[in-house]
Amino acid sequence: MRDITLGQYFPADSVIHRLDPRVKILSLIAFIALVFCSFNYVSLAFTALFVLTIVLLSRVPLKMYLKSLKVIIIIVVITSLLNLFYGTGEPIWQWGIIKVTWAGIHNAIFVCVRVICLILLSSALTFTTSPTDLTDALERLMKPLTVFHIKVHEIAMMMTIALRFVPTLLEETDKIMAAQKARGADMESGNLANRIRALTPVLIPLFVSAFRRAYELAVAMECRCYQGGEGRTRMKQLHLGKRDAVCIVVGLLVIAAVVLLDIFFAAYV
Amino acid sequence: MSILSVKDLTYVYSQGTPFEHTAVDKLSFEIERGDFIGIIGHTGSGKSTLVQMLNGLIKPTSGAVYLDNINIWDKPKEIRKIRFKVGLVFQYPEYQLFEETVEKDIAFGPTNIGLNEKEIKERVLQAAKFVDLNPELLVKSPFDLSGGEKRRAAIAGVIAMDPDILILDEPCAGLDPLGRDILLSQIYSYHKERGNTVLLVSHSMEDVGTVCDKVMVMNRSRLEMFDTAQRVFSQGERLQKLGLRIPQITSVIDELIDAGFPLKRGTLTVEQAVEDITEYLKREGRL
Ligand SMILES: Nc1ncnc2c1ncn2[C@@H]1O[C@H](COP(=O)(O)OP(=O)(O)OP(=O)(O)O)[C@@H](O)[C@H]1O
Ligand SMILES: [Mg+2]
């Protein structure tokens with residue numbers, strides 16, 4: 001249960017950790033677009049190298065990244081296989097309706113590398129940014145949306161609370177499961193239907209306690225006069241620094257490089 | 001022959017990560033059938049981890065637990081049977097209630113054992129009686145009970161499995177003083193009536209002193225002492241060094257002994273103290 005690392009903050013002291021979270025979020029979006037704009041092998045390799053550099057710079061153990069990849073690897077394999085078998089063009093190997101073409105192989109490689117880069121990048125963001133910083137930055141970035149009467153602050157607050165309670169709920173699940181197992185609940189064996197039924201004794205107490213927590217939290221917030229975003233000041237102000245400027249410049253250079261590589265090596269698809 | 005024994009029992013949380021933590025470190029002890037044993041120790045000393053290993057909820061990192069001289073992990077497939085024999089009531093057990101009625105919830109354990117309906121019914125009624133749960137409450141939803149009633153219903157859910165060994169992890173935490181005393185005396189009379197083995201984890205030295213024959217003292221993942229309650233609680237200074245203390249009445253008597261009165265060290269209950277003091281005063285002709 002506890003092995004879910006996707007979206008877990010790993011405190012360390014690295015360049016990436018110290019960047020302004022707003023810059024990190026925007027860079028993530030830009031780089032994800034970049035990953036999908038790497039159209040040939042040369043630019044793809046360049047992008048992958050760049051992603052690896054970020055991973056190394058983040059000073060988060062590689063093991064953590066591998067763990068978050070592990071969760072997603074099945075999806076990668078399946079999509080790669082689908083791409084492999086549904087390529088167009090001259091088949092180089094055929095068995096019944098299944099055929100493998102060069103285009104299919106290229107597609108599979110591209111999808112595979114792209115998805116892995118995607119996971120690494122987003123893990124790098126969540127590993128190096130605490131959930132509070134993250135939602136804080138999101139709130140600031142979405143501020144312009146208030147013009148359309150979107151309650152940005154409330155959305156951000158909901159996200160903060162949700163993130164905050166993920167580990168708590170996991171811990172609670174562990175505890176309740178242990179308590180029901182102690183009463184002889186059998187959760188490891190039987191067919192699917194039985195296993196789903198075996199979850200009832202875990203889910204009901206879990207929901208009950210989630211609602212109880214939500215209620216208590218609401219009361220606690222009201223006791224401290226919380227009334228939404230209007231007029232609320234922040235304890236931690238975000239400031240853009242020199243480091244962030246350097247990051248933006250490097251980011252732009254990388255984007256330029258990928259575009260150039262895309263154009264000059266267009267033959268290497 | 002001991003009913004439960006452990007040898008070099010060790011448990012390490014998050015092994016192989018930077019968060020590695022040895023919660024139980026090479027414990028060995030034997031428990032005799034019919035004992036009422038108190039387990040005390042500072043927070044984080046590994047009590048809860050230990051009791052979860054005793055009923056096979058977590059598998060020891062090394063070492064073994066023997067129930068009736070059989071290693072409980074010999075047949076991992078049958079570990080559920082061990083859990084029926086060694087009943088464990090968790091801290092704040094009321095959070096495990098889930099059924100529509102209290103009766104059904106108490107029946108969860110016996111149903112998992114695979115008993116027939118008549119036996120289940122019997123067990124439920126009996127368990128409810130042991131914890132003094134009003135039969136009217138049995139048809140109610142467990143979520144409509146008061147905190148103390150929920151606690152008792154949850155404990156009944158484990159007692160209903162009729163385990164040979166009953167382990168309670170801080171059963172009285174968060175109850176009012178009267179509720180604590182009542183629950184404790186119910187557990188005690190259950191033990192007396194059934195003659196089964198009970199392990200009680202508690203932070204209240206008074207509770208442990210009143211009901212337990214033997215006391216296990218945990219300190220920093222290790223077993224520091226395991227002896228009769230009287231002998232453990234006659235070592236006030238040693239316990240103090242471990243962040244624990246002795247029952248209030250015991251320390252009162254200790255002070256009197258230091259002041260020169262011929263009383264017994266390790267007096268555990270107020271009744272005993274009153275008896276001894278009256279006897280002494282009578283002997284002196286002052287009463
Ligand atoms: N699931 C877990 N993962 C990692 N470490 C844990 C876990 N559960 C307990 N620990 C650690 O193991 C040690 C022993 O915990 P345990 O719960 O056994 O203590 P305890 O004696 O029951 O304490 P308390 O009196 O507060 O209930 C503690 O230091 C705790 O931080
Ligand atoms: Mg505990």
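Analyst: We can start with polar contacts: a polar contact is a pair of N or O atoms within 3.5 Å. The model is predicted. In this model, a backbone N or O atom of Ser45(B) lies 3.2 Å from an oxygen atom of ligand 1.

User: Which side chains have an N or O atom placed like this against an oxygen atom of ligand 1?

Analyst: His203(B) has a side-chain N or O atom 2.9 Å from a ligand 1 oxygen. For His21(B), a polar side-chain atom lies 3.1 Å from an oxygen atom of ligand 1. On its own, ligand 1 has 630 Å² of accessible area, and the protein covers 67% of that.

User: How many residues surround ligand 1, and which are the closest?

Analyst: The shell has 15 residues, and the closest are Thr43(B), Gly44(B), Lys47(B), Ser48(B) and Thr49(B). By class, the shell around ligand 1 divides into ten polar, three charged and two nonpolar residues. Strand E2 (21–32) and helix H1 (47–54) of chain B each supply at least two residues of this shell. H1(B) gives the most, with three residues.

User: Why is the site of ligand 1 described as shared between chains?

Analyst: Both chain A and chain B have residues around ligand 1, so the site is shared between chains.

User: Now the interface. How do I read what is buried between chain B and chain A?

Analyst: The size of an interface is often given as the accessible area lost when the parts come together. Between chain B and chain A the buried area is about 1,600 Å², and carbon and sulfur atoms give 61% of it. On the chain B side, Tyr95(B), Gln96(B) and Phe98(B) lose the most area to chain A, together 32% of what that side buries. Counted by contact, 20 residues of chain B meet 17 residues of chain A.

User: How many salt bridges and polar contacts are found across this interface?

Analyst: A salt bridge is read from the distance between side-chain nitrogen and carboxyl oxygen, with a cut-off of 4 Å. Two salt bridges are found between chain B and chain A. Arg183(A) forms a salt bridge with Asp105(B), and their closest N and O atoms are 3.0 Å apart. The count of residue pairs in polar contact between the two chains is seven.

User: Which elements of chain B give two or more residues to the side that touches chain A?

Analyst: They are helix H2 (79–85), helix H3 (102–113) and helix H5 (147–159) of chain B. H3(B) gives the most to that side, with four residues. The side of chain B that touches chain A has eleven nonpolar, six polar and three charged residues.

User: How many salt bridges are there over all chains?

Analyst: The whole structure has 22. One of the pairs is Asp25(B) with Arg222(B), whose closest N and O atoms are 3.1 Å apart. Asp25(B) lies in strand E2 of chain B and Arg222(B) in strand E10 (residues 222–228) of chain B, so this pair ties together parts 197 residues apart in sequence.

Conventions: Residues numbered from 1 in each chain as written. Chains lettered and ligands numbered in written order. Predicted model: local features only at pLDDT ≥ 70, side-chain atom pairs only at ≥ 80, totals over all residues. Heavy atoms only, no water. Contact = heavy atoms within 4.5 Å. Buried area = accessible area lost by both parts, 1.4 Å probe. Polar contact = N/O pair within 3.5 Å; in protein donor to acceptor, adjacent residues only side chain to side chain. Nonpolar A, V, L, I, M, F, W, Y, C, P; charged D, E, K, R; others polar. Near = heavy atom within 4 Å. Areas by Shrake-Rupley, 256 points an atom, 1.4 Å probe, with all protein chains shown as cover.
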